[in-house]
Structures are given as C-alpha cells and as structure tokens.
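Morning. I have one structure to go through today, and I will keep to a few sites. Please have it open on your screens.

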Amino acid sequence: MRTISLLGSTGSIGRQSLDVIAASGMSVAALTANRSVDLLEQQARQFHPKLVVCYDPAAAAELKLRLADTNVRVASGMEGLLEAATLPEADTVLTAVVGMVGLRPTLAALREKKRIALANKETLVCAGELVMRTAKEYGAEIIPVDSEHSALFQCLQGSHDHGELKRLILTCSGGPFFGKSREELAHYTRADALKHPTWKMGAKITIDCATLMNKGLEFIEAMRLYQVAPEQITIAIHRQSIVHSLVEFRDNAILAQLGVPDMRLPIQYALTYPARTEGVAKELDLFDCPPLSFQKPDMETFQCLKLALGAARKPGVACAVLNGANEAAVGLFLQDKIKFLEIGELVARALETVPNGPADTLEQVLEADAAAREAVYALI
Ligand code: MG
C-alpha cells in the first residue's frame, strides 16, 4: 500500500487522485496547492497528511490558523514544495501541479528514489533529458499519469527489447475547434476555448487542447519517456477519446489501450503499478460506444502543434522556450489580453528570438523558461 505526497491536490487531477486514494485506502503524507485554502483545509481534515503546503505565503498563513486544532504542519513556497516532495514517509510523489513549478520538486523526489506518478508534463518537456538522466542515476521510477502516456506504458508492458518498438501512435481528441479554419479560429473567445468535447480539465490544459499545443507537449513528453525519435511518433485525431493511444511493434502488431475518458484510470494504474486493482473509473461498454475513427491532424490550422513538433527536433532548450512562451501566452489569453491565434504567434516569435543553448542543467532550463516568458511579455 503506497503513501503519497500529492503536489497540486486542489486541481482537476489532484481531486481525482484523492478519489482514487480514498477508494483504494492508500495514505497521504503531504498535500500541496497554490492558494485554494478552503479546499486544502477540507482535504487536510479528510486525509490527515503530515504536511500541507500553500505555495502562496499569505494563503499558507491563513491555512495555518485554520488548521491550528490539528497536528498538520503548514509550509509555503518552493521550500514547502521541495519538503513535500522529499518527505521520508512518502514512497510516491504524484506531481499534478501545472507548469514549470513542478520541475524542481520532481528532481528532488527522484534523488530520494521516490516513484514519480507524473501528471506534470511540462517537467519532461522542458528538462526531459535532465529528468530522465536523474531518474536513471538514482534508480527511481517515473510512471506517467497523462492518459496517452499511460496507455503507451500499458501497451509496452511485457516488451523488454527496445528494438521491438516501431512506432507510438498518440491519439488526440482534436479539441473544441476540430475541423475549423484559421479564419474561424480568429474569432473564438476564452469561453469557446474552455469547452472541451470529452475531458473535464483545468483551464490551462483545456486551452492547450484547443490550440493542440497539448498534443505537441505530449509528443515531446513521449519522446523523452520512451526514448524514441520524433519520426517514431504519429499523432492520430480520434474524436471519441476511447482509444487512449497505441504502440506498433516491429512485426506490425498494434496494441491499444481503451477505456472511458476518465483520468482516474491512469492515475490508479500509476499508483498501483505493476498490480491492477478494482476500478474506480466506470467500465467501457463496447456495445454502447460510438464508431471509432482516426484522422491526420491539420498542422497548418493548428500552428502550435507544428511549432511543438519543430522544437521537438531541436536539441537544447528549444522545448523549454516553447513551453515557457506557451504558459505566458495562455495566461494572457485567459486574462482576455490576447486573441486565440496570438497564442501561436507569440510562441513562434519567442522561438525565433530566444537563443537555443544547451539544456544540461536546471539553471539553463530555468533561464530559457524566463527568457521565453519575457519575450512574450515584451511583444504585447
Ligand atoms: Mg493527455
């Protein structure tokens, strides 16, 4: 039975992780959030962690008062996140924070040989080589939580020779703007972009799904996790979100993982792996499924996907620049400060202006990330 430090417990993945944890009787060592004091207090009272972290210091002070009648310790800031990631009581760190803020805690947890249940894709996108190298060096496991990567991971079980793997096929719902032209995209608002057809998620990832940047980030994430070349990954638009991804082997056999679109399934597998336990997500009724279809993505309309696949082919910090610029641009779009198509345009400009250097150290990655954000803010 695992003991879990859950980083990002009040977001969509965090809340669904606590569903899985409650249903399977696992324990919680630490919970962290940015500033959702009400929910964090409620979660702390239900799960009795040793440590609760609010990244925001003012929110942490408020939470400390509220939890004064309990034994729960309250911390804040990056220091708090690092402590949550390295608590001796936890054997597993589920990283469900959004964005680059997850990188340092992930590296710290790997050095303590924790299992990482990885739901923070930005970590592998920005510092994939550094993270994978650290995991290898310390003998720590990284088990993906992202539904596509979990599907690939499940399909790869039992395949021991890397040479057997020919191709990864990443499925993509196509997002709310599937089939639209660039002219149509120009008019879409924040509210339109926040309507995802099949998955319920946080705001940042939902916008990434509308621009298809999410699939671009997942493409890079898959390259790092499974150590494959960009030519070995195909993206297939699959509107029904039933097939979560596929692996093609050398003999042309293709394995797929299917299930209802419910993140609790990949979360559960990342926590129980290599075992499988009673499902928290509903079962898939094959006789009540829509017909399954697969199409090629429209790379010209969805500029962000094209940019991500371009950055994936470059060594160094290009992917960190892509991600940092995207985080900044999506933040601006969510504040109604830029239009939908400007997200891609700003990311493209940042990739042109920020020089591409090596990504061997945490500092180099953080520097590139900061430069990319600055480039975006300077452009508007
Ligand atoms: Mg995904």
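A308 sits in helix α13, which covers residues 303-312. This is a predicted model, so all the values I give are computed from its atoms.

Is A308 buried or exposed? A308 counts as buried because its relative accessibility is 0%. What does A308 touch, once neighbours within four places in sequence are set aside? The contacts are M213, G216, L217, I220 and L322. For a residue elsewhere in the chain, take A33: from A308 to A33 is 275 residues in sequence and 28 Å in space, C-alpha to C-alpha.

Now the helix around A308. Of the 10 residues of α13, 7 are buried, so the helix is largely enclosed by the rest of the structure. The buried ones are C304, L305, L307, A308, L309, A311 and A312. As background, an α-helix has 3.6 residues a turn, so residues three or four places apart point the same way. Which elements do the buried residues of α13 pack against? They pack against helices α10 (203-211), α11, α14 (318-334) and α15 (340-353), and against strand β9 (233-237).

The magnesium ion is coordinated by D146 through OD, and by E148 and E218 through OE. Those distances run from 2.1 to 2.2 Å. Along the chain, the donors follow the spacing D-x1-E-x69-E. E148 belongs to helix α7 (residues 147-156) and E218 to helix α11 (residues 213-226), so this pair ties together parts that are 70 residues apart in sequence. Buried or exposed, for E148 and E218? Both are buried.

Next, T123, in helix α6, residues 121-138. T123 counts as buried because its relative accessibility is 1%. Leaving out neighbours within four places in sequence, T123 is in contact with G102, L103, T106, L118, G128 and V131. Of that list, G128 and V131 fall within the residue range of α6 itself.

Last, the aromatics. How many aromatic pairs does the structure hold? The count is 6. Ring pairs join F177, Y188, F333 and F340 into a cluster. F333 falls within the range of α14, and F340 within that of α15. Both helices are among the elements that the buried residues of α13 pack against.

Definitions and conventions. Residues numbered from 1 in each chain as written. Predicted model: local features only at pLDDT ≥ 70, side-chain atom pairs only at ≥ 80, totals over all residues. Heavy atoms only, no water. Helix = DSSP H or I, 4+ residues; strand = E, 2+ residues; numbered from the N terminus. Buried < 20%, exposed > 50% of the residue type's maximum accessible area, 1.4 Å probe, protein only. Contact = heavy atoms within 4.5 Å. Phe/Tyr/Trp six-rings, centres within 6.5 Å; stacked < 30°, edge-to-face > 60°. Donors = N, O, S within 2.8 Å, 3.2 Å for Na, K, Ca; no water.
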